[in-house]
Amino acid sequence: MTASATTDVEDRHKLAQQLAQRTRSNLLADRTLAIASGVTLLMVLLILTVILADVVRNGAPRLSWAFLTEAPRDGMTAGGIFPAIIGMVEMVLLMTLAGVPVGVATAIYLHEYASPVSKLTRSIRIAVANLAGVPSIVFGLFGLGFFVQFIGSGIDKTFFHGEKIYGQPALIWAALTMAILTLPVVIVATEEALRAVPRELREASLALGATKFQTVFNVVVPQASSGILTGTILAVSRGAGEVAPILFTGAAYFLPLLPKSLSSQFMTPSYHVYVLSTQSPDVDATKPILYATVLVLLILTFTLNVAAVIVRARMRRRAGKIA
Amino acid sequence: MTIATNGKPDPTPKLVVRGLTVFYGEKKAVGPVGLDIVGQHVTALIGPSGCGKSTFLRSLNRMNELIPGCRVEGEVRLDGDPIYGPGIDPVAIRRRIGMVFQRSNPFPKSIKENVAYGLRIGGIKDDREISSRVERALTQSALWEEVKDRLDESAMGLSGGQQQRLCIARALAVEPEVLLMDEPASALDPIATAHIEELINELSAEYTVVIVTHNMQQAARVADYTAFFYLGELVEFDRTDVLFTKPNDSRTEDYITGRFG
């Protein structure tokens with residue numbers, strides 16, 4: 001009796017010691033992991049800071065109201081980037097008009113109407129995922145081959161007796177190419193937003209004798225609208241920064257005038273950066289302009305991303321209120 | 001199961017259910033169930049969790065078919081009209097058989113627009129008619145006095161009990177013949193629950209109410225008829241006073257005396 005009691009106590013003591021050791025080694029692992037991830041985070045922040053500091057230090061002095069409102073002059077060694085900003089705005093607007101309705105409609109079909117197990121639905125989903133993974137230069141070449149040479153030349157042959165109007169790189173083709181590039185962003189974001197709509201709301205609507213269509217358009221889509229908007233903003237911010245898709249489909253090297261019609265070529269800040277850094281006649285003279293353009297581009301995309309974050313936060317708050 | 005009242009058959013039942021069986025995939029969830037639901041009375045469905053009472057309720061206005069993999073067999077008739085069958089539009093059925101859910105689920109719209117929703121999708125455009133119907137529905141659900149000065153405010157600002165009464169008003173606004181209620185008071189405090197129960201009693205003058213409840217006292221308080229479900233089977237169906245005082249089946253007795261569940 002006494003002997004076994006002693007063993008019991010000894011056993012328990014041993015166990016406590018083991019546990020303490022376990023805890024100590026766990027603590028060590030914890031601390032190591034915390035330090036390692038902290039260092040990695042610091043590195044990322046450092047890289048970002050260096051890039052930003054470099055851009056701001058070299059670009060900010062050149063930035064002025066005139067820079068934003070003047071056309072480039074003297075072989076792009078002076079003047080501003082006004083046509084590029086306007087070109088980007090026009091391209092992005094057209095891209096949104098063309099791409100977002102298609103993307104939203106696709107997402108509504110996929111999430112609300114298509115059977116989740118059908119082969120068609122699955123293949124559409126795979127296609128969307130693959131579309132997101134295609135390198136952007138491939139979109140550029142596709143745009144050149146399909147929009148410019150096939151559709152554009154076709155329009156020229158049919159309506160303009162072969163005169164070259166649409167059969168060359170143009171604002172409309174660049175915007176459509178970019179719309180396809182950003183389609184996956186819109187589809188994925190919209191589907192996500194539709195998924196976040198509580199089942200209870202759909203059921204409430206259906207139980208009142210609403211048809212599926214009425215439920216989707218009166219309850220589900222309004223409830224998902226901020227999510228859809230977030231997707232749109234992210235698509236725009238992606239589109240604003242891309243160069244490759246518009247390289248062959250509509251972006252111009254240099255245009256002192258603003259685009260006049262859908263068949264005009266246009267400048268954008270992203271392509272302008274590429275041109276200034278590779279084709280400049282006078283590197284020293286263009287360098288500050290180059291930096292300032294990069295700064296403007298960064299500010300524009302950063303603003304759009306912040307807007308997306310704000311919209312998403314508001315959506316979450318609203319969703320939280322319903323639950 | 002039909003209930004003989006003094007040897008005479010019941011007046012024509014509002015809903016007739018025969019051999020109703022609901023499957024989720026290959027698994028049978030409930031059935032076969034056969035019972036008659038008497039018009040302008042309250043019928044309660046009781047039983048332990050997972051016994052199939054909610055599934056049964058949702059199959060009365062064809063809400064189950066929204067769940068992928070759900071299959072319904074058997075027959076339900078509303079005033080003699082079958083509600084399952086080829087060519088029968090579930091949307092038309094749901095206009096006649098409304099539903100209130102366990103968790104209040106108002107739309108993120110104004111109080112007025114919540115109640116008006118069913119009217120608007122039903123094609124009523126005249127704003128005066130909508131306003132008067134909204135007022136009537138809110139009065140019926142005993143919410144009018146509390147919200148009449150803030151009809152344009154968001155429904156999300158109401159308390160839980162008020163939201164549930166708003167959902168009842170929303171269901172009543174389209175003037176259904178039958179109102180299905182799936183544990184409508186289970187998420188509410190005792191005072192709000194009392195409000196809802198009182199409301200159910202008043203509604204039974206005009207509507208046929210079928211209510212699922214976990215709470216046996218609630219069934220005893222509000223229901224004229226009670227059906228006891230156990231393990232996906234309708235065990236017993238009778239007038240509430242009979243079921244609670246002289247149950248026929250030992251499982252019913254065990255449940256209502258608190259021996260399980």
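This is a predicted model: local features need pLDDT of at least 70, side-chain atom pairs count only at pLDDT 80 or more; totals for chains, interfaces and linings use all residues.
Local features are taken only where pLDDT is at least 70 and side-chain atom pairs only at pLDDT 80 or more, while totals for chains, interfaces and linings use all residues. Residues are numbered from 1 along each chain as its sequence is written, with chains lettered from A and ligands numbered from 1 in the order in which they are written.

Start with chain A, where helix α7 (residues 199–207) packs on helix α8 (residues 212–241) at about 160°, the axes lying 10 Å apart. Helices here are DSSP runs of H or I with at least four residues, strands are E runs of at least two, and both are numbered from the N terminus. Axes are lines fitted to C-alpha atoms, for helices over the stretch in contact, and angles run from 0 to 180 degrees between N-to-C directions. That angle makes α7(A) roughly antiparallel to α8(A), a label for angles over 145 degrees. The crossing is right-handed, meaning that the near helix is turned clockwise from the far one by less than a right angle. On the α7(A) side, the contact (C-beta atoms, placed from the backbone, within 7 Å) uses Leu201(A), Arg202(A), Ser205(A) and Leu206(A). Across from them, α8(A) brings Thr215(A), Asn218(A), Val219(A), Val220(A) and Gln223(A).

α7(A) turns up again where the chains meet. There, 17 residues of chain A are in contact with 21 residues of chain B. On the chain A side, α7, α8 and α11 (283–322) each supply at least two residues, and α7(A) gives the most, with six.

Over in chain B, four strands build an open antiparallel sheet in the order β2-β1-β4-β5; strands pair if DSSP finds at least two bridges between them. β2 (27–37) and β5 (81–82) are the edge strands, each pairing on one side only. Inside the sheet, β1 (residues 15–24) and β4 (residues 70–78) of chain B run antiparallel over eight bridges, and Phe23(B) sits opposite Arg71(B) of β4(B).

Helix α3 (residues 111–121) of chain B is mostly covered, with eight of its 11 residues buried, i.e. having 20 or more other C-beta atoms within 10 Å of their own, all placed from the backbone. Among them are Ile111(B), Val115(B), Tyr117(B) and Leu119(B). The buried residues pack against α4 (127–140), α5 (144–147) and α6 (160–173) of chain B, together with α8 of chain A. After α3(B) comes Gly123(B), with a positive phi near 100°.

Methods:
Angles under 35 degrees count as roughly parallel, over 145 as roughly antiparallel, 65 to 115 as roughly perpendicular and the rest as oblique. Two residues are in contact if their C-beta atoms, placed from the backbone, lie within 7 Å. A residue is buried if 20 or more other C-beta atoms lie within 10 Å of its own, exposed if 12 or fewer, and partly exposed in between; C-beta atoms are placed from the backbone.
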